[in-house]
Amino acid sequence: MLIVVGIILAIAALFALAIGGRGWQAWCAAVAILFATWIALGVGSPITFSILLILAVALAVVTGFAPLRRLLFARAMMPVVQQVLPRMGDTERTALEAGTVWWDGEIFSGIPNWKRLAEFECQPLSPREQAFLDEQVDTLCRMLDDWQIEQERGMPEAVWDYLRRERFFGMIIPEQFGGLGFSEIGHSRVVTRIASRSIAAAVTVMVPNSLGPGELLLHYGTEAQKNEYLPRLADGSEIPCFALTGPEAGSDAAATQSHGIVEHGMWQGEQVLGMRLTWNKRYITLAPVATLIGLAFRLKDPHGLLGENEDLGITCALIHSDLPGIEIGDHHDPMGVPFNNGPITGTDVFVPLDSIIGGREQIGHGWRMLMESLAAGRSISLPALAIGAAQMSTRICGAYASVREQFDTPIGRFEGIEEPLARIAGMTYLMSATRTLTCGALDAGERPAVLGSIAKAYLTEGMREVVADAMDIRAGAAIQRGPRNLLSRMWMAVPVGITVEGANILTRSMIIYGQGAIRCHPFVHKLIDAAGKNDTSLMDKAVFGYVNFVATRAMRSFALAVSGSRLAGVPEGDLKRQVQHLSRMSAAFAFVSDLSMMTLGGALKRREKISGRLADALAWQYIAAAVLKRYQDNAKLASHYDLASWSLATALYRAQEALVGVIENLPSRPARILARCVVFPFGARFRPPSDRLGQRVARTILEDREARLDLTADIFVPGPDETGLGTLEAALDKAVRAIPVETKIRDAVRSGVLERAPGYMLDDMALQVGVISEQEYEWMDEAREARNEVVQVDVFDAETYRTLR
């Protein structure tokens with residue numbers, strides 16, 4: 001018995017070291033303790049003990065004495081690491097190293113610091129931002145008629161004038177340059193509210209405030225450029241666009257064939273040193289109305305006017321759209337969503353070198369500019385649009401499922417409707433949480449490139465999921481176009497959000513994990529740096545640090561798996577068990593990630609199915625962290641616990657399934673067996689949200705008015721007389737007022753006071769026998785009329801139908 005106890009205690013010591021993530025010295029000490037325990041309990045002989053002790057001391061000396069370690073191991077490891085690690089070009093390295101590391105680094109560490117997340121403060125809206133939302137943004141929304149915009153293929157001139165006058169195009173521009181100087185969360189919430197009213201208007205507002213000349217000028221422009229352009233961008237005197245994508249350069253934007261040649265030419269009557277540019281761009285939002293073009297191109301200096309290098313690299317410049325040689329004004333038609341989008345071509349367009357954003361010092365730095373700006377911009381604009389669609393779907397379906405009746409029962413009471421309602425509510429909760437945390441990081445000065453990619457890809461995918469469920473619930477009414485149908489135009493916009501600013505397929509399968517593994521992993525970037533510099537000292541630190549990291553995360557993952565995550569030390573709280581599970585998932589992710597890199601090496605870059613699943617695991621852990629943060633920071637409504645629990649169960653299950661997919665597809669059978677034993681020794685045990693939890697979540701948007709309003713706080717709600725959401729909200733109020741009256745009538749039928757009959761006849765019968773009063777009869781009649789109104793669909797005469805767009 002003593003032997004068993006001693007071995008258990010020694011193994012427990014090893015587990016404790018793994019849980020704490022200790023270094024190699026502690027591991028050597030633990031192994032020595034294990035040997036000593038083994039001998040002291042009489043399992044082995046003194047000679048065996050002496051031999052093992054000498055070996056342990058030798059191991060400690062060899063691994064603890066850096067010069068000897070470098071001589072014996074680092075030199076030998078250098079060629080191995082150089083061969084295994086993927087080779088990267090300059091443009092790929094720039095893309096992968098763009099932005100900063102934030103909570104993504106905590107996930108890769110395998111030991112997330114939950115206290116750090118709890119203490120992080122997301123910046124709230126300022127009073128000025130809230131006033132702008134309540135006044136200018138709501139005024140704009142009342143001016144917008146999305147059906148009219150769709151039919152007329154654009155916004156009225158009065159809307160354009162209002163956008164300019166109220167500086168909607170200058171939200172990110174500081175007040176000193178005439179802009180609004182809003183925070184990132186303020187910017188995001190403005191776009192969300194506009195998107196709930198009109199996708200076309202939201203896109204028009206968000207593009208100048210995300211990836212475009214304004215963003216680039218703020219970070220890289222010269223003072224002269226800022227003073228010249230930012231005030232004109234802020235007041236809408238200049239409408240910007242950014243020309244990046246071309247027929248030959250879509251996802252691989254660095255492969256652009258747009259080029260500029262350094263040469264002398266005439267500019268405003270003078271001979272100056274400049275660039276002659278030729279380009280062919282497409283899919284450029286705002287191009288048809290743009291007056292100022294931000295252009296990405298490859299600059300070449302074949303005549304050596306700037307130095308010895310001929311290929312100067314990707315460069316960005318500002319060009320006025322009315323210059324000779326520019327063809328602009330034609331339109332694409334992206335899924336019928338009527339925002340301005342079209343091609344731009346330029347042939348032998350001459351501009352001075354002063355047109356380069358940042359001046360001559362920024363020649364060749366355009367790719368870095370774009371990657372760093374995209375890291376911020378893609379965190380805000382399209383996620384904000386996706387949340388607008390999700391919150392609008394939640395508001396519509398919560399009301400419609402309460403008002404619409406079949407078989408004398410609101411359809412929200414049927415489990416077939418309840419299931420997608422739960423998904424709509426839960427996804428909207430977690431999407432809004434992710435937006436808030438990501439914008440909070442940006443407002444704190446971070447530029448989290450990996451998390452920005454996650455926000456863009458997974459929130460626009462969430463938009464697809466939520467709007468699809470909403471379309472199913474509205475059924476026939478959802479597929480009849482017209483001013484009554486608020487979902488159809490959001491549905492048409494779904495592929496736009498998924499495709500632009502980096503297609504989700506590429507973002508998921510290549511960028512998120514590829515960039516995350518290099519930027520966020522504690523040792524991969526150090527290994528690449530050491531191998532690139534051929535530095536044995538750096539290699540020694542990186543290799544031994546990496547080995548220790550893999551060993552501790554493997555033990556930690558196993559310890560948390562066999563203990564049901566209970567060994568994870570996390571703060572106390574309502575969601576403590578879920579946080580412990582997330583700690584376990586982080587350790588599992590860290591180990592599986594390293595095992596994938598070790599077994600696949602540089603080939604992992606081409607195994608996009610595996611890297612895509614690793615991206616899924618990383619993304620859902622970040623989304624779960626955002627849910628925890630939202631639950632912690634917001635008022636504890638009764639419904640929030642259910643919404644947070646549903647979201648965390650979904651995130652844990654999807655992260656688990658992603659890791660299972662990685663493990664099952666590793667090329668090495670021993671690696672697969674090892675991963676299963678370490679990460680899922682008892683199998684994959686996490687499950688999606690239960691039916692009971694889903695029912696409670698669905699009821700939050702059916703019965704809990706406070707929760708429904710909180711979940712959809714960012715959208716614009718029109719007056720009760722406006723067809724669409726306005727009449728639907730009014731019908732819901734009338735239906736809720738009539739519920740006690742309906743209960744009286746049902747009770748009278750059950751007790752035999754009234755005979756069974758269709759609903760409209762029961763009202764008259766109940767009034768006649770005194771079951772309900774005249775006032776209650778009026779309430780029932782108003783509710784019935786309101787229900788009848790909101791289930792109607794649009795009908796067009798033959799002549800009007802032929803003119804529909």
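This is a predicted model: local features need pLDDT of at least 70, side-chain atom pairs count only at pLDDT 80 or more; totals for chains, interfaces and linings use all residues.
Student: How are the rings of Y162 and F168 arranged: stacked, edge-to-face or tilted?
Tutor: A pair of aromatic rings is described by the distance of the centres and the angle of the planes. Planes under 30 degrees apart count as stacked and over 60 as edge-to-face. The ring centres of Y162 and F168 are 6.1 Å apart and the planes stand at 45°, so the pair is tilted.

Student: Are Y162 and F168 buried or exposed?
Tutor: A residue counts as buried under 20% relative accessible area, and as exposed over 50%. Both Y162 and F168 fall in one class, which is buried.

Student: Which residue lies over the face of Y400?
Tutor: For a charge to sit over a ring, CZ of Arg must be within 6 Å of the ring centre and within 35 degrees of the ring normal. At 4.2 Å from the ring centre of Y400, the residue over its face is R474.

Student: How many disulfides does the structure hold?
Tutor: A disulfide is a covalent bond between the sulfur atoms of two cysteines. Here the sulfur atoms have to be within 2.5 Å. C439 is in no disulfide, and its nearest cysteine sulfur, that of C122, is 9.0 Å away. For the structure, the count of disulfides is zero.

Student: What is the relative accessible area of C439?
Tutor: The cut-off for buried is under 20%. C439 is buried, and its relative accessible area is 0%.

Student: Where does L286 lie, and what is its phi?
Tutor: Most residues other than glycine have a negative phi. L286 is found in the loop between β3 (270-285) and β4 (292-300), and it is buried, with a relative accessible area of 1%. Although L286 is not a glycine, its phi is positive, at about 75°.

Student: Which loop holds E501?
Tutor: E501 also has a positive phi without being a glycine, near 55°. Its place in the chain is the loop between α19 (487-499) and α20 (504-519).

Student: Which residues does S379 touch, leaving out those up to four places away in sequence?
Tutor: S379 belongs to the loop between α15 (366-377) and α16 (381-403). It is buried, with a relative accessible area of 1%. Contact means heavy atoms within 4.5 Å, and the residues that S379 touches are T438, L442, G452 and A455.

Terms used:
Residues are numbered from 1 along each chain as its sequence is written. Side-chain values use heavy atoms; hydrogens and water are left out. Rings of Phe, Tyr and Trp (its six-membered ring) pair if their centres lie within 6.5 Å; planes under 30 degrees apart count as stacked, over 60 as edge-to-face and the rest as tilted. Buried means under 20% relative accessible area, exposed over 50%, partly exposed in between (1.4 Å probe, protein chains only). Helices (H or I, at least four residues) and strands (E, at least two) are DSSP runs, numbered from the N terminus.
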